[in-house]
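This briefing covers a few strands, a helix and a surface patch. Please keep the sequence and the structure at hand while reading.

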Amino acid sequence: MGKVIVLDHPLIQHKLTYIRDRNTGTKDFRELVDEVSMLMAFEITRDLSLRDETVETPLGETKTQVLDGKKIGLIPILRAGLGMVDGMLNLLPAAKVGHVGLYRDPETLLPTEYYIKLPSDISERELIVLDPMLATGGSANDAIESLKKRGAQNIRLMCLVAAPEGVELIQKQHPDVNIYLAALDEKLNEHGYIYPGLGDAGDRLFGTK
């Protein structure tokens, strides 16, 4: 079964506090999500493989290391996942970015795919699916299914906050996918929102209701 890794770095937890705060405005919310995403990028890439390289410094030759193995692909789930892309690209500027568009039916709470655009070589890439919230898990599950159907073999899921219900679904349906979180929250409320959560991430990122 895939691992659930809660990233408890003090800077991540500090900034997440202000992301949760209902009084944090759109500008600050957007900047904080960007910053936390960049900090989480350090942790989610911790186990990337390296290979030896020899370079000439101004003083002489030295052996060092560079990334080896699969290239990175970032896959934000539209629309809220877009808020996490720039922070990741700050550290992974060569990553290609695909998009999966899903919306949640307000009655059934089930996701429906309306858009998908992916790098042509996703089977050769380490894919990181981005979504600030893992609530019921439906959107992430469908996004991962879409990627696998198109040849993806190595997928990680990165979210700011999650409910146990969403984590359980992903672990059941995709035991090969590790989940990286800034926080694992208490539960889903009666409306299918993460409690205590951070509200609607998309609305807070883009200033909509």
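Two strands count as paired if DSSP finds at least two bridges between them. The model discussed here is predicted.

**Strand E11 and its partners**
- Strand E11 spans residues 178-184, and because five of its seven residues are buried, the strand is largely enclosed by the rest of the structure.
- E11 pairs with E1 in the parallel sense, over three bridges.
- Within this pairing, Val4 stands opposite Ile179 of E11.
- E11 also pairs with strand E10 (residues 154-162), again in the parallel sense, over six bridges.
- Asn178 in E11 is the bridge partner of Arg156.
- Between E10 and E11 the chain passes through helix H5 (residues 164-173), making a right-handed β-α-β crossover.

**Surface patch**
- Val4, Val6 and Leu184 make a nonpolar surface patch of about 210 Å².
- Val6 lies in strand E1, which covers residues 4-6.
- The relative accessible area of Val6 is 39%, so this residue is classed as partly exposed.

**Helix H4**
- Helix H4 (residues 138-149) has 12 residues, and its first and last C-alpha atoms are 16 Å apart, close to the 16 Å expected at 1.5 Å a residue.
- The buried residues in H4 are Gly138, Ser139, Ala140, Asn141, Ala143, Ile144, Ser146 and Leu147.

Conventions. Residues are numbered from 1 along each chain as its sequence is written. This is a predicted model: local features need pLDDT of at least 70, side-chain atom pairs count only at pLDDT 80 or more; totals for chains, interfaces and linings use all residues. Side-chain values use heavy atoms; hydrogens and water are left out. Patches are made of residues with over 30% relative accessible area and no salt bridge: like charges are joined within 9 Å, nonpolar side chains (Val, Leu, Ile, Met, Phe, Trp, Tyr) within 5 Å. Accessible areas come from the Shrake-Rupley method with a 1.4 Å probe; for residues, only the protein chains shown count as cover. A salt bridge is a side-chain nitrogen of Lys or Arg within 4 Å of a carboxyl oxygen of Asp or Glu. Helices (H or I, at least four residues) and strands (E, at least two) are DSSP runs, numbered from the N terminus. Buried means under 20% relative accessible area, exposed over 50%, partly exposed in between (1.4 Å probe, protein chains only). The expected span of a helix is 1.5 Å times one less than its number of residues. A crossover is right-handed if, with the strands pointing away from the viewer, the path from the first strand over the helix to the second runs clockwise.
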